[in-house]
Amino acid sequence: MTLSFERLQATVQATHGRPGRGYWLLLASAAALAAFGGWAYSLIVRNGLYLTGLERPGNWGNLITDFVFWVGIAHSGTLISAILFLFRAKFRTAVYRVAEMMTVFAVMTAGLYPIFHLGRPWFAYWLFPYPNQRAIWPNFRSPLIWDVFAISTYFIVSTVFLLVGVAPDAAALRDRAAGWRKRLYTFLAFGWRGTDEQWRHYTRAYLFFAAFATPLVVSVHSVVSWDFAVSILPGWHSTLFPPYFVAGAILSGVAMVIVILVPLRRWLRLQEIITPLHLDMLCRLVMLTSLIVTYSYATEILTALGEPASDPERSTFVYRMTGNYAPLFWLMVACNCLGPSLLFSGKVRRNLRAVFVIALLVNVGMWLERFNIVVTSLAHDRNPFSWRVYTPSWVEWAMTFGSFGWFFFWFLVGIKILPPVSIAEMKEELAHEGHASGEVAHAG
Amino acid sequence: MPAEPGVLGSFGEPSAAASAVRALKSAGFTDVRVAMPAPFPEVIAAIGKPRSRIDFVTFPGALLGLLCGIGLTVGTSLAWPLITGGKPVVSIPPFVIVIFEVTVLIGSLTNLVAVSVGSWHGGRPRVFPRHPTFNAERIGVLAVGGDPSQAERVLRDCGAEEVGRVG
């Protein structure tokens, strides 16, 4: 059946219907997981960081791994909404709203972990520049301050970008809603009426938002990579890190979009809007970024192996591949390099179960990648006397799993409030080219 | 505040709405307005308004962000000139990162303010009568001023599904 404006709007509106028992169960599970993580963190607040497995030289572990992982997840939203918008990639229309929501909730998650990692989190505000009697300001030469600026800017700009995109859709939903939803959509619509004068300013402003967000998305994970790269630690001190981190972030983010979209389109009955063609295009992004990540792995390993046997860089990489953490390293390679290579087959890309599993494994692999970078380099530094194997404590694992609960809690709330698809952009697409059908035969 | 007096036609297809806008303009109607659920390019082209100049607000906003970033990093470093890590007090490469982020932040927020003001101005009930279907599936074409009967005739000839007088 051809999708009409009315049918499109009705389909999106139906996603905000009364949630079933499954939804409440998922929401309660996510809230319980987040609460468990929060309780585990309260133990650290009350007793100190000794409850973690952190000990010299391994002063960064799971919590920093979680931070880098969630910042990476946050990358796909802006990539899909801003960068693909500038490149006029039509397939983004049906999927970018979910990716943008994911971005905002992932940054909300990521931003917590550096604070969790502080010995005295109640002084976290010291990281921000504010006028004070002693005229003490943050050290802008420190990569940790760059993070504060990059992450907070990214959070604000991503949220603004999401809400600006939602305004015309909120107006469409407002006019057919009642009760608290009507009040909410009236607020989110910002007085939107759809006049030509409004569209004239809106389309121009949206272009500028995309133009601002594009370099921002590249800068944020580059800045995160500099947390490591500007140090002199073997395994961290590398000029390869910014592009390597950005590609890895996009890989994990797009994989997370797939992991969410495959069940979501079925649950919310969005199959007519989010078609296999859209998932096929996302799979191609995964393939591309997986190739870049694989190239980066090969580059840093081969560069290190080219050094003399006494070189600390070589020693770290040999340790990474053969030492205590070797199983995690090879699992990472399998998940991030071998798994996505299966997507070269059009048959695999058309099999949504296979796509879901591959994308899920990419997320596991990308978490392991961050763990490998953070932990193995510290565990095997320049001084053999201080070498030590870091093992995360149960408190850290609780906080890691709690982060997933926190993220999915907000996502589940968000999906029932905000339209999961851009209604306005879909209508524009429908009026001119017809919607991308479910046929992906040409895509093989 | 009621809408300005005019004739409102409702269309289901963007191409028909675009034809109606062009026909009204040819018939001498200088003030033709449209409300639609998406920015249909043919309708926007038919309206023929110049490109929005919110860049005159956004770019100065970004420039202000740049200056704020420079002021924040350089100014605060000079206010307490403490040498750390053997680096110059004013270290340009690391400061560029913070300056860039502040530029993007203030530029984006200025862009938000600009589009909000423009949207408020262009969305007043006086500009276009309130009609829920124009956010959903219909395109409204409003001819303000001129001869109402002629406007009604032009809109009907162009395939308007409903035509009525407003204001």
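This is a predicted model: local features need pLDDT of at least 70, side-chain atom pairs count only at pLDDT 80 or more; totals for chains, interfaces and linings use all residues.
Figure 1. Look for A:Phe190 in the loop that links helix H8 (179-189) to helix H9 (196-229) of chain A. Its phi is positive, at about 50 degrees, even though A:Phe190 is not a glycine.

**Figure 2. A:Arg269, another non-glycine residue with positive phi.** Here phi comes out at about 55 degrees, and again A:Arg269 is not a glycine. A:Arg269 sits in the loop between helix H10 (241-267) and helix H11 (276-305) of chain A. Is A:Arg269 buried or exposed? It counts as exposed, because there are 12 C-beta neighbours inside 10 Å and the exposed class takes in residues with 12 or fewer.

Figure 3. Going from A:Arg56 to A:Pro57, the peptide bond is cis, and omega is near 0 degrees. A:Pro57 itself belongs to the loop between helix H2 (21-47) and helix H3 (62-73) of chain A.

Figure 4. A:Leu162 is part of helix H7 (residues 143-174) of chain A. With 21 C-beta neighbours inside 10 Å, A:Leu162 counts as buried. Set aside the neighbours within four places in sequence, and what does A:Leu162 contact? The partners are A:Glu100, A:Met101 and A:Val104.

**Figure 5. Helix H5 of chain A, residues 96-110.** Why call H5(A) largely enclosed by the rest of the structure? Because 14 of its 15 residues are buried. The length of H5(A) works out too: at 1.5 Å a residue, its 15 residues should span 21 Å, and the end C-alpha atoms are 20 Å apart, which agrees.

**Figure 6. Chain A, the helical setting for the views so far.** Chain A has 17 helices and zero strands. Its radius of gyration is 23 Å, close to the 22 Å that the globule rule gives for 444 residues, so chain A is as compact as a globular protein of that length. The C-alpha trace of chain A spans about 70 × 60 × 45 Å along its principal axes. Of the 444 residues, 52% count as buried. Take the contacts in chain A between residues at least 6 apart in sequence, and 82% of them join residues at least 24 apart.

**Figure 7. Where chain B meets chain A.** On the chain B side, 53 residues are in contact with 48 residues of chain A. Strand S2 (31-35), helix H2 (41-47), helix H3 (55-79) and helix H4 (92-122) of chain B each supply at least two residues of this side. Which of them gives the most? That would be H4(B), with 19 residues. By residue type, the side of chain B that touches chain A splits into 30 nonpolar, 17 polar and six charged. For the complex, the predictor reports an ipTM of 0.92 and a pTM of 0.92.

Figure 8. Chain B has five helices and four strands, and along the sequence they run β-α-β-α-α-α-β-α-β. Its radius of gyration is 25 Å, well over the 15 Å from the globule rule for 167 residues, so chain B is more spread out than a compact globule. The box that its C-alpha atoms fill along the principal axes is roughly 80 × 30 × 30 Å. The domain assignment gives domain 1 (6-50 + 126-166) and domain 2 (55-120), and the C-alpha centres of these two domains of chain B lie 44 Å apart. Mean pLDDT for chain B is 88, and 98% of its residues reach 70 or more. Confidence in chain B is highest in H3(B), at 93, and lowest in strand S4 (residues 162-166), at a mean of 84.

**Figure 9. B:Pro129, a buried loop residue.** B:Pro129 is in the loop between H4 and strand S3 (139-144) of chain B. It counts as buried, with 20 C-beta neighbours inside 10 Å. From B:Pro129 to B:Ala151 is 22 residues in sequence and 17 Å in space, C-alpha to C-alpha.

Methods
Residues are numbered from 1 along each chain as its sequence is written. Chains are lettered from A and ligands numbered from 1 in the order in which they are written. The expected span of a helix is 1.5 Å times one less than its number of residues. Two residues are in contact if their C-beta atoms, placed from the backbone, lie within 7 Å. Ala, Val, Leu, Ile, Met, Phe, Trp, Tyr, Cys and Pro count as nonpolar, Asp, Glu, Lys and Arg as charged, and the others, Gly among them, as polar. The radius of gyration is taken over C-alpha atoms; the globule rule is 2.2 Å times the number of residues to the power 0.38. Domain bounds come from an automatic or database domain assignment. pLDDT is the predictor's confidence in each residue, from 0 to 100.
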